[in-house]
Amino acid sequence: LAHDTELVRLSKEAGCIAWLVGFESISQDALDSMGKTTNRVTEYAQAVQNIHTNHMAVIGEFVFGFDTDTKEVFDNTLVMIKDFKMDIADFTILTPFPHTPLFKKLESSGRILTKDWSSYDMGHVVFTPNQMTTKELREGVRRLYHEFYQLPCTVRRMVRGLRLGGYPFFAIVVRNLVAMIVS
C-alpha cells in the first residue's frame, strides 16, 4: 500500500471506499516476532497517505499483548495513529487459539490462563502477557478506544473525511459514531 500507487488507484476505480489494514503493531520488533514480513512500521504513514490521496478511508487494525509490548505501547500507538490521521481504528487483544504455534509456545511456558473456550469473547485475556499484567492489557485497550473516540477527536476525523467524498465520509461518520457510543 505504501509503494503500489497503481493498485490503490485501481481499487478506487473499482469502487473501493475504504481499506481495512492489519497494521497489527507499531513495534517492528513485535511484527518481526510474528513473521509479518510485509508490515514495515516505517511505511505506515506512506500507506495511509497513499490511500487518502486516492480518496478512500483507512481503517487500522491493531493488536496488543505481544511479548515485546510494554505499557507504553498504548500511548505510543495513539500518538502514531493520530499523526497518520487514521480515519477509523480497532484495538484487539492478542488471541492464542488452541493448536496454533503461539498457543503452544505460551502453553509450554505456562502462560495460558484458561482452556475453557466456551465462554470466550474478544475482550477476554487467555494468557499472561510478558511485560504487563492481564488487567493492564485489558485496561490499555479500553483506554485506547475511549481516547481515540473522544468527541473532539471524532468530530475532527469526520470533518477531515469530507475531503474523501460522500461514501468514505459516510463510512467514517457511522463507524466513528458507533465506536464513540460503545467505548
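This is a predicted model: local features need pLDDT of at least 70, side-chain atom pairs count only at pLDDT 80 or more; totals for chains, interfaces and linings use all residues.
I take buried to mean under 20% relative accessible area, exposed over 50%, and partly exposed in between, with a 1.4 Å probe and protein chains only. Residues are numbered from 1 along each chain as its sequence is written, and side-chain values use heavy atoms, without hydrogens and water.

Entry on Ser25. I located Ser25 in the loop between β1 (18-24) and α2 (28-34); helices (H or I, at least four residues) and strands (E, at least two) are DSSP runs numbered from the N terminus. With a relative accessible area of 3%, Ser25 is buried. I looked up its contacts (heavy atoms within 4.5 Å). Leaving aside residues up to four places away in sequence, Ser25 touches Ala30, Leu31, Val41, Tyr44, Phe62, Phe66 and Asp69.

Entry on positive phi. I noted His55, not a glycine, with a positive phi of about 60°. His55 sits in the loop between α3 (44-53) and β2 (57-64) and is partly exposed at 38% relative accessibility. Lys85 likewise has a positive phi, near 60°. I placed Lys85 in the loop between α4 and β3 (88-93); at 41% relative accessibility, Lys85 is partly exposed.

Entry on helix α4. I found Phe74, Asp75, Leu78, Ile81 and Lys82 of α4 meeting residues of α6, including Leu137, Gly140, Val141 and Leu144.
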